[in-house]
Amino acid sequence: MAPLSVKRVLISESVDPCCKTILKENGIEVTEKQQMTKEELIAEIQNYDGLVVRSATKVTCDVINAGSNLKIIGRAGTGVDNVDVDAATKSGIIVMNTPSGNTISAAELTCALLMSLSRHIPQAVMSMKDGKWDRKKFMGAELYGKVLGIVGLGRIGKEVASRMQSFGMRTIGYDPITPLEVSASWGVEQMSLEELWPQCDYITVHTPLMPSTTGLLNDASFAKCKKGVKVVNCARGGIIDEAALLRALESGQCGGAGLDVFVEEPPKDRALVNHPNVISCPHLGASTKEAQARCGRDIALQIVDMVTGKALVGAVNAQVLVSTFSPDSHQWIRLGESMGRVLKACTASKEPYSQVHVTSLGESLKKSSGFLSSAAVVGLLAEGPQKGPNLVNALPLAAETGITVQTDHKDSDEREVCVVEVSVNGSSFTTVGSVQAGVPVLLELNGSVFRQPVPLTGHLLFFKASNSTELLLSVTGVLAAAGVELQSFSASTASSGEQWYCMGISSLLGDIGALKSLAKEAAQLTV
């Protein structure tokens with residue numbers, strides 16, 4: 001992908017100083033403003049190309065809409081539920097996180113809470129500070145031989161499993177994404193939640209917060225668990241239904257809970273925090289010096305790599321961009337967008353579009369079909385030089401406007417080309433293009449094969465007319481009358497009937513209607 005221009009970044013929370021240092025060393029101006037209100041952030045964000053946050057800043061749709069220059073939102077941490085990712089995507093803004101920055105810290109806290117639950121360590125400490133010596137009151141249980149259920153087998157779940165296995169725990173788990181054979185290689189036996197609940201002595205959750213995981217542990221799931229099961233949540237508040245957890249604690253169905261996160265932070269309802277069988281922390285999962293340094297460094301380096309076109313790491317809403325960092329990808333992106341622009345110009349009077357079908361041919365383009373589709377849609381939807389569609393939001397915007405986008409790849413030993421076909425009111429229009437000597441070129445337009453490939457650069461005039469000896473003279477006469485110079489010319493190979501022609505011109509015609517008497521169709525554009 002062509003490098004983004006990011007000149008100014010706002011850091012809205014306490015991030016390790018190395019983040020600011022790395023960004024500044026790479027020519028990016030950095031401003032730090034902490035504890036802003038929503039209104040203050042909305043007023044401030046319009047001045048920046050990038051925003052770096054942790055978990056406290058709520059990057060809402062209103063904030064995103066106010067960020068007219070925003071290109072990147074960097075979350076120095078794992079979860080991005082404080083960022084409206086959908087709104088950012090629709091605005092073409094890349095959202096990044098640091099997926100491995102706080103993995104070890106969060107895993108270690110989870111293990112600490114599991115151990116504290118098994119031996120009542122915090123309660124015993126407080127009892128000692130009160131001058132008591134209640135050995136019998138704090139009778140605990142060994143972790144050895146117990147069953148730990150891990151819901152969510154990503155980076156943190158994996159690290160928790162390996163550590164608790166060293167205590168002799170049997171680890172079972174559930175994850176809809178991680179393959180069974182992968183988790184088995186870590187010593188975790190995967191199963192359905194219905195199979196998992198009744199077997200667990202301890203349960204820990206490590207999933208993102210989304211509709212499918214909200215209230216994952218609730219009255220019904222607690223009822224399926226062993227009586228006295230202990231639970232830990234160092235992921236996100238809301239994964240465990242707090243009201244259901246309190247009921248399970250009061251009934252004894254749940255024997256204890258270790259909570260680092262809450263639905264509301266800090267929690268105003270103190271019922272869970274004050275329960276004698278609950279060990280609670282003020283969201284400390286990533287609160288280690290090492291994690292903060294790692295997250296600050298990682299998000300800064302990811303932003304620098306992104307804007308310099310080196311690599312894309314940690315993007316949660318722009319996977320289409322991952323394969324755009326090969327040396328020749330820029331030219332193919334330009335080709336896809338230019339072909340979309342050509343089709344838009346040549347079908348301007350026939351909209352709306354119903355379908356876009358992009359086909360890539362050639363072994364080297366196998367990984368390029370995704371961004372070629374997005375690039376073609378960018379060209380098709382572009383309205384002008386103002387901020388519009390880009391590779392991040394092209395497909396969501398197409399879906400919003402009722403356009404179905406289909407992508408295919410076909411192996412070919414003969415050539416590397418891209419075919420873009422659009423359907424408009426029952427008719428289809430097609431372009432075929434390629435990259436030659438680093439230059440995007442048009443090879444065909446609606447079945448007309450150009451004798452000389454058309455370089456997709458500068459001002460282009462397309463017209464469809466019957467072949468005649470007078471045609472070229474007549475069109476150049478119109479150009480001359482308008483003070484426009486002819487710079488290049490390519491005709492199609494058809495010797496009879498109507499066919500497409502393309503002229504490279506010094507500037508666009510002020511009135512393309514002057515060609516109506518000479519051509520059945522005419523269109524002009526700048527690429």
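**Helix packing in the predicted model**

The crossing of helices H14 and H15 is right-handed. This handedness is read from a predicted model. H14 spans residues 329-346, and H15 spans residues 369-381. Their axes come within 6 Å and cross at roughly 40 degrees. Angles under 35 degrees count as roughly parallel and those from 65 to 115 as roughly perpendicular. H14 and H15 are therefore oblique to each other.

The H14 side of this contact is made by Ser329, Trp332, Ile333, Gly336, Glu337, Gly340, Arg341, Leu343 and Lys344. H15 contributes Phe371, Leu372, Ala375, Ala376, Val378, Gly379 and Leu380. By class, the residues of the contact divide into nine nonpolar, four polar and three charged.

Leucine 380 is one of the H15 residues in this contact. Its relative accessible area is 2%. The cut-off for buried is under 20%, so leucine 380 is buried. Neighbours within four places in sequence set aside, leucine 380 is in contact with Gly340, Arg341, Leu343, Lys344, Tyr353, Val356 and Val422. Among these partners, Gly340, Arg341, Leu343 and Lys344 also belong to the H14 side of the helix contact. Valine 342 lies 38 residues from leucine 380 in sequence. In space, the C-alpha atoms of leucine 380 and valine 342 are 8.1 Å apart.

The crossing of H1 and H13 is right-handed.

In H1, the residues that meet H13 are Cys18, Cys19, Ile22 and Leu23. On the H13 side they meet Ala293, Gly296, Arg297, Ile299, Ala300, Leu301, Ile303 and Val304. The residues of the H1 contact with H13 divide into ten nonpolar, one polar and one charged.

The unreviewed UniProt entry annotates residues 9-317 as "domain: D-isomer specific 2-hydroxyacid dehydrogenase catalytic". In the model, the span of residues 9-317 is 37% helix and 16% strand.

Note on methods:
Residues are numbered from 1 along each chain as its sequence is written. This is a predicted model: local features need pLDDT of at least 70, side-chain atom pairs count only at pLDDT 80 or more; totals for chains, interfaces and linings use all residues. Side-chain values use heavy atoms; hydrogens and water are left out. Axes are lines fitted to C-alpha atoms, for helices over the stretch in contact, and angles run from 0 to 180 degrees between N-to-C directions. Helices (H or I, at least four residues) and strands (E, at least two) are DSSP runs, numbered from the N terminus. Angles under 35 degrees count as roughly parallel, over 145 as roughly antiparallel, 65 to 115 as roughly perpendicular and the rest as oblique. A crossing is left-handed if the near helix is turned anticlockwise from the far one by less than a right angle, and right-handed if clockwise. Contact means heavy atoms within 4.5 Å. Ala, Val, Leu, Ile, Met, Phe, Trp, Tyr, Cys and Pro count as nonpolar, Asp, Glu, Lys and Arg as charged, and the others, Gly among them, as polar. UniProt positions are given in the numbering used here, feature names are shortened, and annotations may be inferred rather than shown by experiment. Buried means under 20% relative accessible area, exposed over 50%, partly exposed in between (1.4 Å probe, protein chains only).
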